[in-house]
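Dear colleague,

I am handing over the structure below, and after it you will find an account of what was found when its side chains were examined. Please keep the structure open beside the text as you read, so that you can look up each residue in turn.

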Amino acid sequence: MESMLYEAALKGSVPTLLELLQQDPLILDKVTMNSISEIPLHVASLLGHVDFVKQILCQKPELANELDSQQYSALHIASQKGYVEIVRALLQVNPDMCFARDVDGRNPLHLAAMKGRIDCLGELIKSRPLAASATTIWGETISHVCVKYNQLEALKFLLENIDDPEILKAKDDYGMTILHLAVAEKQIEIIKVLTTSTKVKVNDLNANGLTALDILAQSKRDVKYWETGELLRRAGAISAKDIQLSANELGISKTNSLTSNENNQKQQGKGLENIHEKEDDWLEKKRNALMVVASLIATMAFQAGVNPPHSPWQDTFQNTKRRYGCFLFFNTAGFLASLSIILLLISGLPLKRRLFMWILMVIMWVAITAMAMTYMVSIDFLLDPVVILPSGPYILTYIWLSIGGILFLGHMIRLIVKMIKYFRKLTRRPWYTQAQDSDEPPIASIV
């Protein structure tokens, strides 16, 4: 008989349910106690059989309180599936089931938000508004769930219908706000909504002392990266380092809220340590790469210098002297440039700024360009100017040099712009949201 009840729940057959209840009025209680099969109310709620659900609730309203092995109630299931009529029927019987939590600490509102069931979400909030303040086992609010599962419309609904601003400002167990999560996933549309809302703080720190802008700085550079950076900049977002700088400039007194300030400084200190560690890692990788490449170029230049190319073709002494002079000049330039890089790297100088690393990169460009010119002069020795046309290698080399020149010019312009900005800062006090002391501008200043 219990299997027949289960089949009736699958089909949503109300006549079969009534017939079984006539044969055994306790059949619903027996199924719930024995748990041999799924609870009929849960099955009907999962499949959207409204009439069947209403009939069960009419016969046994207390079944609305029953939970399955995952601690799901029928309201959990109907809310997640988006069956508004079933949600209303269940709320009429026991609206307090809005507070019921599954094994992950999620109530029916969380599941409705996770799936973007706005109609169900509206019914649940209208019935028990306080359930929207509940958190999961990870400390996530209903707004965190909307962002985590990229439910833009559900988030907009919450912004319009929830009066408690703390739900949108709350942090999870990792100190992440909903803006942190949206920036980490580069959810452009959600970021647009959050950065235009007065209920969301754009410069809150997470547990590692990072702002939303710092989270973005750790992500991959792509189109969404730049668009997200622009949205944050317009909203006044700054990095944790800039928060510290602005606090110092404004002369925050130690006597103002000592306890809260100490906690904030600890969080900011952790964030700054992470930023400096990443900066040091980047510089260390650059130094190692420059050392390897410089050593390789120096070895090549030395070998070419002690074993210069010899032309197998008839040539005048004057041409040979001119070509060898060009070869020796470019080869020596590349050799000395690479040795200069090696010398600077092992000299123990404090090369911990991006500016110094940029200077080393310029010297490396000189070395590479000199080796390219050395190659071009070398093939001039080897090719027969009469039989073999050397125009092809020359053209390719000149194209390569042109591309390198364009890159070099672009970096020079960038350096000049940075120097202009730096000298401007020396002559006037910067606005606290624009404060910078690194050689590379933060994302917030990129237009």
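**Salt bridges**

Glu85 is partly exposed, having a relative accessible area of 39%, and please bear in mind with this and every later value that the model is a predicted one. The side chain of Glu85 meets that of Arg88 in a salt bridge, with 3.0 Å from N to O, and Arg88 also counts as partly exposed, at 35% relative accessibility. Both residues belong to helix 7 (residues 84-93), and because they are three residues apart there, about one helical turn separates them.

In total, the structure holds 13 salt bridges. Another of them joins Asp96 to Arg128, whose closest N and O atoms are 2.9 Å apart. Asp96 lies in the loop between helix 7 and helix 8 (108-115), while Arg128 lies in the loop between helix 9 (118-127) and helix 10 (142-148), so this pair ties together parts that are 32 residues apart in sequence. Asp96 is partly exposed at 42% relative accessible area, and Arg128, with 26%, is partly exposed as well.

A further salt bridge is found between Glu140 and Lys148, where the closest N and O atoms are 3.5 Å apart. Is each partner buried or exposed, or does it fall in between? Glu140 is buried, with a relative accessible area of 10%, whereas Lys148 is partly exposed, with 44%. Lys148 also has a second contact worth looking up, for it lies over the face of Trp138, at 5.4 Å from the ring centre.

**Aromatic pairs**

How many aromatic pairs does a search of the whole structure find? The search finds three. In one of them, the rings of Tyr225 and Trp226 have their centres 4.8 Å apart and their planes at 85 degrees, and since planes over 60 degrees apart count as edge-to-face, the pair is described in that way.

Phe302 and Phe335 form an aromatic pair that is tilted, with 6.5 Å from centre to centre and 40 degrees between the planes. This pair links distant parts of the chain, as Phe302 is in helix 18 (residues 258-306) and Phe335 is in helix 19 (residues 317-346), 33 residues apart. Phe302 is partly exposed at 45% relative accessibility, and Phe335 is partly exposed at 23%.

**Nonpolar cores**

In soluble globular proteins, nonpolar side chains tend to be buried together. Here the largest nonpolar core has 80 residues, and those that touch the most other members are Leu41, Leu90, Leu109 and Leu121. If residues up to four places away in sequence are not counted, Leu41 touches Val53, Ile56, Leu57, Leu63, Ala64, Ala74 and Leu90. Apart from this core lies another, made up of 14 residues, among them Leu290, Ala294, Ile342 and Met357.

With best wishes

Technical notes. Residues are numbered from 1 along each chain as its sequence is written. This is a predicted model: local features need pLDDT of at least 70, side-chain atom pairs count only at pLDDT 80 or more; totals for chains, interfaces and linings use all residues. Side-chain values use heavy atoms; hydrogens and water are left out. Rings of Phe, Tyr and Trp (its six-membered ring) pair if their centres lie within 6.5 Å; planes under 30 degrees apart count as stacked, over 60 as edge-to-face and the rest as tilted. Helices (H or I, at least four residues) and strands (E, at least two) are DSSP runs, numbered from the N terminus. Buried means under 20% relative accessible area, exposed over 50%, partly exposed in between (1.4 Å probe, protein chains only). A charge sits over a ring if NZ of Lys or CZ of Arg is within 6 Å of the ring centre and within 35 degrees of the ring normal. A nonpolar core is a set of buried Ala, Val, Leu, Ile, Met, Phe, Trp, Tyr and Cys residues joined through side-chain atoms within 4.5 Å. Contact means heavy atoms within 4.5 Å. A salt bridge is a side-chain nitrogen of Lys or Arg within 4 Å of a carboxyl oxygen of Asp or Glu.
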